[in-house]
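This briefing goes with the sequence and the 3D structure shown below. Please keep both in view while reading.

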Amino acid sequence: DAGGIELAVAAMQAHPQHAGVQQFGCCLMGNVCYGSDVAAPARRQRAMIAGAPEAAAGAMQAHPGDAAVQRHGQRVRDLFA
């Protein structure tokens with residue numbers, strides 16, 4: 001993923017009020033962390049260290065009325081439940 005997880009979290013932290021950044025950051029993290037291949041646990045671990053679950057929760061809290069942010073954020077949170 002070439003650092004995409006860390007970049008997404010950093011962008012989300014830098015632009016918390018921008019719903020598009022939050023939506024696509026969560027979407028990226030959900031796509032990168034999803035899967036059952038041999039590398040999936042390492043990707044999820046990197047995302048956990050980078051703060052992906054907290055970033056997703058923050059996005060959902062900052063944009064409660066945005067269905068896309070809520071959907072993608074919940075997907076990320078479900079991956080770490």
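In which sense, left-handed or right-handed, does α2 pass α5? The crossing of α2 and α5 is left-handed, a term used if the near helix is turned anticlockwise from the far one by less than a right angle, and right-handed if clockwise. This is a predicted model, in which local features need pLDDT of at least 70 and side-chain atom pairs count only at pLDDT 80 or more, while totals for chains, interfaces and linings use all residues. Residues are numbered from 1 along each chain as its sequence is written, and side-chain values use heavy atoms, with hydrogens and water left out.

**Overall build**

- The protein chain has 5 helices and 0 strands; helices (H or I, at least four residues) and strands (E, at least two) are DSSP runs, numbered from the N terminus.
- The order along the sequence is α-α-α-α-α.
- A compact globule of 81 residues would have a radius of gyration near 12 Å, and the 11 Å of the protein chain agrees with this; the radius is taken over C-alpha atoms, and the globule rule is 2.2 Å times the number of residues to the power 0.38.
- The C-alpha trace spans about 35 × 20 × 15 Å along its principal axes.
- Of the 81 residues, 38% are buried, where buried means under 20% relative accessible area, exposed over 50%, and partly exposed in between (1.4 Å probe, protein chains only).
- Among contacts (heavy atoms within 4.5 Å) with a separation of 6 or more, 61% join residues 24 or more positions apart.

**Helices α2 and α5**

- The axes of α2 (residues 19-33) and α5 (residues 67-79) come within 8 Å and cross at roughly 35°; axes are lines fitted to C-alpha atoms, for helices over the stretch in contact, and angles run from 0 to 180 degrees between N-to-C directions.
- On the α2 side, the contact is made by A19, Q22, Q23, C26, C27, M29, G30, N31 and C33, and on the α5 side by A68, V69, H72, G73, R75, V76 and L79.
- These residues divide into 9 nonpolar, 6 polar and 1 charged, where Ala, Val, Leu, Ile, Met, Phe, Trp, Tyr, Cys and Pro count as nonpolar, Asp, Glu, Lys and Arg as charged, and the others, Gly among them, as polar.
- Q23, found in α2, is buried, with a relative accessible area of 18%.
- Not counting residues up to four places away in sequence, Q23 touches A68, V69 and H72.

- An α-helix has 3.6 residues a turn, so residues three or four places apart point the same way.
- In α1, residues G4, I5, A8, V9 and M12 are buried.
- They cover an arc of only 135° around the axis, so they sit on the same side of α1; the arc is that of the directions from the helix axis to the C-beta atoms.
- L7, Q13 and A14 are exposed on the other side of α1.
- The buried residues of α1 pack against α2, α3 and α4.
- In α4 (residues 52-62), the buried residues are A52, P53, A55, A56, A59 and M60.
- Their arc is within 165° seen down the axis, so they line one face of α4.
- E54 and Q61 are exposed on the face of α4 turned away from its buried side.
- The cover over the buried residues of α4 includes α1 (4-14), α2, α3 (40-50) and α5.

**Q17 in a loop**

- Q17 lies in the loop between α1 and α2 and counts as exposed at 62% relative accessibility.
- Not counting residues up to four places away in sequence, Q17 touches A62 and H63.
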